[in-house]
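Thanks for coming. I have one protein chain to go through today, and I will keep it brief.

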Amino acid sequence: MIHGNLQIADDILEKLYKQITPTFFTGYISLLVPTVLVIIAILNGALDVPKICVLLNPIVFLIFGVTCRKIDPVKFQDLPGIIMPSLGLSMFGLIGILNLI
């Protein structure tokens with residue numbers, strides 16, 4: 001590594017990433033259940049909110065975060081994994097408040 005060979009570090013990071021990936025996918029799949037239920041409730045009229053609120057969900061925010069990360073990986077480093085799904089889940093609270101109003 002003194003001579004600039006970072007291949008060992010890259011290999012280690014790649015192996016760590018492959019070990020962590022199933023946990024992240026499990027987390028994202030767990031986001032799908034409430035998301036689908038809220039989308040169905042909005043489209044069926046069980047939640048009295050505008051239909052545009054279907055777009056306020058973690059999947060849409062995750063896609064937006066991944067797109068931003070593809071544009072600039074350094075600036076938007078934590079967007080897809082941490083910030084955007086959390087923001088999408090918080091939108092469920094906003095949908096609930098709009099339903100009560």
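First, the ground rules. This is a predicted model, in which local features need pLDDT of at least 70 and side-chain atom pairs count only at pLDDT 80 or more, while totals for chains, interfaces and linings use all residues. Residues are numbered from 1 along each chain as its sequence is written, and side-chain values use heavy atoms, with hydrogens and water left out.

Now the layout. The protein chain has three helices and zero strands, and helices here are DSSP runs of H or I of at least four residues, strands being E runs of at least two, numbered from the N terminus. The radius of gyration is 18 Å, well over the 13 Å that the globule rule gives for 101 residues, so the chain is more spread out than a compact globule. That radius is taken over C-alpha atoms, and the rule is 2.2 Å times the number of residues to the power 0.38. Along its principal axes, the C-alpha trace spans about 65 × 25 × 15 Å.

How many of the residues are buried? Of the 101 residues, 22% count as buried, meaning under 20% relative accessible area, with exposed over 50% and partly exposed in between (1.4 Å probe, protein chains only).

On to the cores. A nonpolar core is a set of buried Ala, Val, Leu, Ile, Met, Phe, Trp, Tyr and Cys residues joined through side-chain atoms within 4.5 Å. The largest has seven residues: Val 38, Ile 42, Val 49, Cys 53, Val 54, Phe 92 and Ile 95. Helices α1 (7-44) and α3 (79-100) are the elements that give two or more residues to this core. Apart from it lies another core of five residues, among them Phe 61, Leu 79, Met 84 and Met 91.

Contact means heavy atoms within 4.5 Å. Leaving aside neighbours within four places in sequence, Val 38 is in contact with Leu 47, Phe 92 and Ile 95.

Lastly, the two single residues. Thr 35 is found in helix α1 and, at 0% relative accessibility, counts as buried. With neighbours within four places in sequence again left aside, Thr 35 is in contact with Asn 57, Pro 58, Ile 59 and Phe 92. Ile 83 sits in helix α3 and is partly exposed, with a relative accessible area of 44%. Ile 83 and Cys 68 are 15 residues apart in sequence and 12 Å apart in space, C-alpha to C-alpha.
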